[in-house]
Amino acid sequence: SDRVLGVLQFFSRTDWPPREEAVKVMTVIGAQVAGYLQQRRTNEQLAETRERYRVIAETAQDAIFTIDETSRILFANSAAEKLFGYPAGELTGRSLHVIMPARFKAAHDLGLHRYAATGKRNIPWAGVELPGLHRDGTEIPLEISFGESIDGGRRLFTGFARDIRERKRIEAEKARLLEESRAANRSKDVFLAIVSHELRTPMTSIIGWIDILEESGHDEKTFGLALEMIRNSAGMQAQIIEDILDVSRIVLGKLRLEKRHFELSAVVHAALQSLMPSADLKKIRLIAQIEPDISIFGDPGRIQQVVWNLLSNAIKFTPEGGKVTVSLRTRVENDVELTVSDTGPGISDSLLSQLFDPFRQADEGTKKGGLGLGLSIVKQIVDLHGGQVSVDSDGTGTGASFTVHLPTQETK
């Protein structure tokens with residue numbers, strides 16, 4: 001190609017004039033030598049290129065494999081063998097089907113055959129998400145890119161597969177956190193609406209009875225009833241505010257316990273006595289199965305709050321003429337069990353796992369008012385005592401049973 005690669009010198013023992021035939025012979029010899037030099041250089045460059053490719057392929061973090069038009073694997077790097085769980089060299093010579101879920105094999109073969117015949121692709125060749133098949137049968141989410149080359153007249157395809165399990169996990173976690181954030185925001189919106197309603201209800205009652213007292217001509221009976229209603233409404237409002245403050249203390253880690261040894265049996269009896277009037281109004285039977293002389297180490301005021309919350313909830317959700325059962329017993333050494341069961345509407349499976357979350361209430365059909373903070377506070381107090389609280393229900397219409405386990409001795 002008019003390019004000088006070297007010089008050939010010919011020597012003779014005798015003098016002779018240049019001959020055309022000799023020149024042609026020399027030209028042919030020169031062309032043959034030049035062709036050999038170029039081929040050798042090309043082979044050396046090709047060998048260097050292949051070695052560079054081999055080093056890059058073997059050190060790559062992504063799986064790299066090359067197949068022919070029949071899907072036979074001609075090359076698979078160590079990352080591919082590691083990703084799909086095969087020993088070194090075991091993938092080479094096998095069909096690509098071995099690392100492909102069964103449901104994709106027919107489509108792959110059809111697409112490869114169609115491309116070989118028409119040059120038309122079924123899918124893009126970059127950034128395709130497809131599952132791979134591990135040797136143990138596990139599917140692996142992959143991001144795959146393809147490339148095509150010609151070698152010795154053969155059409156070859158090289159694929160690059162990236163394991164995206166971690167990316168999928170992060171995406172799923174982000175989606176979960178986003179949904180939880182949205183759910184939390186919805187819950188807070190609901191909570192603010194409930195707070196507004198719950199605070200307004202007793203306040204409306206207080207203002208109404210004050211207006212009645214300001215009117216002239218009320219008798220002593222009306223005056224006494226007004227004071228009682230104002231006192232009850234103020235107490236209700238104070239309890240709502242105290243629940244909100246408790247949640248705030250819990251969130252800030254400022255809920256403090258004043259622990260000491262005390263008789264838990266007496267605390268449960270006291271809670272039962274205080275709620276007896278509420279149960280009587282609804283003709284609910286309170287059944288107590290309480291072992292005597294059970295003492296634990298904890299904050300008696302906070303434990304009484306736990307018992308009162310569980311009992312008042314049971315009475316609130318149990319229909320008229322129903323039954324609420326309270327049992328207290330020593331389960332094993334250093335562990336006592338408190339159970340509050342009711343014959344109320346029960347709890348759906350979808351709500352069971354979320355019942356102790358803040359701002360959660362029962363299903364719409366069974367809401368009885370309140371902030372939805374009581375059970376969350378119960379769980380936090382029990383947790384701070386080193387105990388556990390759980391709920392069990394066979395579904396709507398079957399009642400519910402709350403169980404609290406508390407250690408009898410101080411926990412570290």
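Student: Quick one to start. Is Phe356 buried or exposed?
Tutor: Phe356 is buried, with a relative accessible area of 12%. The cut-off for buried is under 20%, so Phe356 qualifies. Keep in mind that this is a predicted model.

Student: OK. How many aromatic pairs does a search of the whole structure find?
Tutor: The search turns up two aromatic pairs. One of them joins Tyr115 and Phe157.

Student: What's the geometry of Tyr115 and Phe157?
Tutor: Their pair is edge-to-face. The distance is 5.9 Å centre to centre, with 70 degrees between the planes.

Student: And which parts does that pair tie together?
Tutor: Tyr115 sits in helix H3 (residues 102-118), and Phe157 sits in strand S5 (residues 154-163). The pair therefore links parts that are 42 residues apart in sequence.

Student: Where do Phe356 and Phe402 lie?
Tutor: Phe356 is in the loop between helix H8 (349-352) and helix H9 (374-384). Phe402 is in strand S12 (residues 401-407). So this pair ties together parts that are 46 residues apart in sequence. Phe402 is buried, with a relative accessible area of 9%.

Student: You mentioned H9. Which of its residues are buried?
Tutor: Gly374, Leu375, Ser376, Ile377, Val378, Ile381 and Val382 are buried in H9.

Student: What follows H9?
Tutor: Gly386 follows H9, and its phi is positive, near 75 degrees.

Student: New topic: sheets. What order do the strands of the five-stranded open sheet take?
Tutor: The order is S7-S9-S10-S12-S11, and the pairing is mixed.

Student: Which strands are at the edges?
Tutor: Strand S7 (285-290) and strand S11 (388-392) are the edge strands. Each pairs on one side only.

Student: How are neighbouring strands turned against each other?
Tutor: By 15 degrees on average, direction ignored.

Student: In what sense do S9 and S10 pair?
Tutor: Strand S9 (residues 323-332) and strand S10 (residues 335-342) pair in the antiparallel sense, over eight bridges. In S10, Asp335 is the bridge partner of Val332.

Student: Which strands does H6 touch when it packs on the sheet?
Tutor: H6 touches S7, S9, S10 and S12. The direction of H6 makes about 175 degrees with that of S7.

Student: At what angle do H6 and H7 pack?
Tutor: Helix H6 (residues 264-281) and helix H7 (residues 300-317) pack at about 35 degrees, with their axes 9 Å apart. Their crossing is right-handed.

Student: Which residues make that contact?
Tutor: From H6, they include Leu264, Val268 and Leu275. From H7, they include Ile303, Trp308 and Leu311. By class, the contact of H6 with H7 has 13 nonpolar, four polar and no charged residues.

Student: Last one. Where is Thr339 found?
Tutor: Thr339 is in strand S10. Thr339 counts as buried, at 11% relative accessibility.

Student: And what does Thr339 touch?
Tutor: Leaving out residues up to four places away in sequence, Thr339 touches Thr325, Val326, Ser327, Ser401, Phe402 and Thr403. Phe402 is the residue whose ring pairs edge-to-face with that of Phe356.

Note on methods: Residues numbered from 1 in each chain as written. Predicted model: local features only at pLDDT ≥ 70, side-chain atom pairs only at ≥ 80, totals over all residues. Heavy atoms only, no water. Phe/Tyr/Trp six-rings, centres within 6.5 Å; stacked < 30°, edge-to-face > 60°. Helix = DSSP H or I, 4+ residues; strand = E, 2+ residues; numbered from the N terminus. Buried < 20%, exposed > 50% of the residue type's maximum accessible area, 1.4 Å probe, protein only. Axes fitted to C-alpha atoms, helices over the stretch in contact; angles between N-to-C directions. Left-handed = near helix turned anticlockwise from the far one by under 90°. Contact = heavy atoms within 4.5 Å. Nonpolar A, V, L, I, M, F, W, Y, C, P; charged D, E, K, R; others polar. Pairing = 2+ DSSP bridges.
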